Amino acid sequence: MAPSNSDKTIGDRLKAWWYGYELEPVRPSAAAVAAAEAEEKEPEPAEMPAPGPQRGWSEERIHAIQMVLGPGCHSPDVAARTAELIAPAGLTSAMTVLELGAGLGLGARTIARQTGAWVDAIESNPKLMEAARALGTDIEEDRKVTLSSSALDEPEIMRHRRDLILFRDGLHRYSDPKKVLEQLRALLKPTGKLFLTDFVLPENGSRKDLKEWIDQHEEPVNLWKPTELRQALTVLGLEVHLARNESAAYASQTLHAIQGFAQRLEDEPVPHAWREWVMVEIEYWARIVTLLERGKLQHIRITASVHK
């Protein structure tokens, strides 16, 4: 009889998770094997819930995603991606930034540490915000980051306009993306810039091809096409300087993050109680890579500024 999924090691199952992608084999050290074997003898805690079919932000998922992608990461390579995204903005310590969809706060802290700018980081999900605050440090630059769960139209947010608004991979999760863009436009200074990345539907794409991925989300998924997004920004008086398909780069970064996880298994075996959570998380990101590489989904970057 073939072994069940629960009988296979994490190293064995990584190959299956990756939908045909071959990861470098991992040979656990003797100490790691012994630790894993000892841990497998431990009964799984009764309070550990099983992962559900939808990828909501439970405490368990927040822990599992950091096991896979790294501390502070709610998406692949947050610090490096943020640093590369903001580079053209020319931020200084006197400037202000608003980050929408801040996740676990690593992106906002990266901005403050590298530029000295003041950052308002908004994350509407209470579980993510709670975890982001718990990850705070006493580093001087981090004190210039304000973590908030406020809505965009609340007075404390509307009180000031910003030099830069950064919005990564979150517009498609709003039921009214047009309203969100209008609110962001109102928060820009006359010389302000909007840097945005997101998943979009290819011009000739179909939502039917994305049904399984869409069904994994608790919130509605509203995918615009690239031309629709660009047109919406233009109507708001924003001049689009860059609108680039970065699907290949995003897929590569995601694959690199998964490979990094696989390599860490040699010294950091996944505790038995967390294996299903880790597997589901990897399968989620593997599906995104598959859709991107097949051209069923796109990941784009847009940089825009207030039209002069």
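How many cavities of 30 Å³ or more does the count come to?

1. The count comes to 1 cavity of 30 Å³ or more. Here a cavity is a set of points, on a 1 Å grid over the protein atoms alone, where a 1.4 Å probe fits but cannot get out. Grid points are joined across faces, edges and corners, and a volume is the space filled by probe spheres set on the points.

2. This is a predicted model, in which local features need pLDDT of at least 70 and side-chain atom pairs count only at pLDDT 80 or more, while totals for chains, interfaces and linings use all residues. Residues are numbered from 1 along each chain as its sequence is written, and side-chain values use heavy atoms, with hydrogens and water left out.

3. The largest cavity has a volume of about 40 Å³. By class, the lining has 7 nonpolar, 2 polar and 1 charged residues. Nonpolar means Ala, Val, Leu, Ile, Met, Phe, Trp, Tyr, Cys and Pro; charged means Asp, Glu, Lys and Arg; the others, Gly among them, are polar. Strand 5 (residues 188-200) gives the largest share of this lining, 3 residues.

4. Helices (H or I, at least four residues) and strands (E, at least two) are DSSP runs, numbered from the N terminus. An open sheet of 7 strands runs in the order 3-2-1-4-5-7-6, with mixed pairing. Strand 3 (145-148) and strand 6 (238-245) stand at the edges with a single partner strand each, so one side of each has no neighbour in the sheet. Neighbouring strands of this sheet are turned by 15° against each other on average, direction ignored.

5. Two strands pair if DSSP finds at least two bridges between them. Strand 2 (residues 118-122) pairs with strand 3 in the parallel sense over 4 bridges. Val-119 stands opposite Val-145 in strand 3.

6. The axes of helix 11 (residues 247-264) and helix 12 (residues 275-293) come within 9 Å and cross at roughly 155°. Axes are lines fitted to C-alpha atoms, for helices over the stretch in contact, and angles run from 0 to 180 degrees between N-to-C directions. Helix 11 and helix 12 are therefore roughly antiparallel to each other. Angles under 35 degrees count as roughly parallel, over 145 as roughly antiparallel, 65 to 115 as roughly perpendicular and the rest as oblique.

7. Helix 4 (residues 78-86) and helix 5 (residues 106-115) pack at an angle of about 55°, with their axes 9 Å apart. Helix 4 and helix 5 are therefore oblique to each other.

Note on methods
On a 1 Å grid over the protein atoms alone, a cavity is a set of points where a 1.4 Å probe fits but cannot get out, and a pocket is an open set with protein on both sides within 12 Å along at least five of seven lines; lining residues have an atom within 4 Å of a point.
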